[in-house]
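Please keep the structure open as you go through the points.

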Amino acid sequence: MTDTSTVYLVRHAKAGDRSAWEGDDRVRPLTGKGRRQAVKIGDRLFPLVSMHDDALLISSPYTRCLQTLEPLAARLHASVTSDDRLAEGYDRDGALDLIATIPNGSVLCSHGDVIPDVIAALQRRTTEIVGAPDWRKGAVWVLARRDGEVVEASAWPPPPDE
């Protein structure tokens, strides 16, 4: 019998300009547009995640990633767990381990330096990329797994942020 499941890998929504931010970049928050994107991401993921009682929400510990998953967490009456394996300057193998082992329907949130490298590593492992990659803030990668291995990946474009 084949075990199939789907997990979601989200690039955080729009955050303030890195070059204009004074202070620790780990606490740079979403902009107003980013908060609106986060709500729309949560709205799209909610029906897919809510049918899985053991689904987890796991984020980079950076504020902008945590904030991206907060609207979904609120709708699910769940919490977001932070995990350093999804942070900038990441450990790709750690992120890949998370993707392979998290429960069906789970959502991960990470950064623009992590996600392309993770997707490239999956592709080298024979994951089929369906459609055009989307690396923009707020994009969601849908990762279809079979027996624990990601066999197909496709990207949803970011929601409009107006």
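1. How many salt bridges does a search of the whole structure find? The search finds five. Please bear in mind that this is a predicted model.

2. Let us start with aspartate 43 and arginine 75, whose side chains meet in a salt bridge at 3.0 Å, N to O. Aspartate 43 belongs to helix H1 and arginine 75 to helix H2 (residues 63–76), so this pair ties together parts that are 32 residues apart in sequence. Aspartate 43 is partly exposed, at 39% relative accessible area, and arginine 75 is partly exposed too, at 38%.

3. Next comes the salt bridge between glutamate 88 and arginine 64, with 3.2 Å between the closest N and O atoms. Glutamate 88 sits in the loop between strand E3 (80–82) and H3, while arginine 64 is in helix H2, so the pair links parts that are 24 residues apart in sequence. Is arginine 64 buried or exposed? Arginine 64 counts as buried, because its relative accessibility is 0%.

4. Lysine 33 is placed in helix H1 (residues 32–49) and is partly exposed, with a relative accessible area of 44%.

5. Now turn to the interior. Which residues of helix H3 (residues 92–101) are buried? They are Gly94, Ala95, Leu96, Leu98 and Ile99. These buried residues pack against strands E1 (4–11), E2 (57–59), E4 (107–110), E6 (140–146) and E7 (149–156), as well as helix H4 (115–124).

6. Strand E4 also holds valine 107, which counts as buried because its relative accessibility is 0%. Leaving aside residues up to four places away in sequence, valine 107 touches Tyr8, Val10, Leu45, Val49, Leu56, Leu57, Ile58, Leu69 and Leu72. Take leucine 56 from that list: it is 51 residues from valine 107 in sequence, yet their C-alpha atoms are 6.3 Å apart in space.

Methods:
Residues numbered from 1 in each chain as written. Predicted model: local features only at pLDDT ≥ 70, side-chain atom pairs only at ≥ 80, totals over all residues. Heavy atoms only, no water. Buried < 20%, exposed > 50% of the residue type's maximum accessible area, 1.4 Å probe, protein only. Helix = DSSP H or I, 4+ residues; strand = E, 2+ residues; numbered from the N terminus. Contact = heavy atoms within 4.5 Å. Salt bridge = Lys/Arg side-chain N within 4 Å of Asp/Glu carboxyl O.
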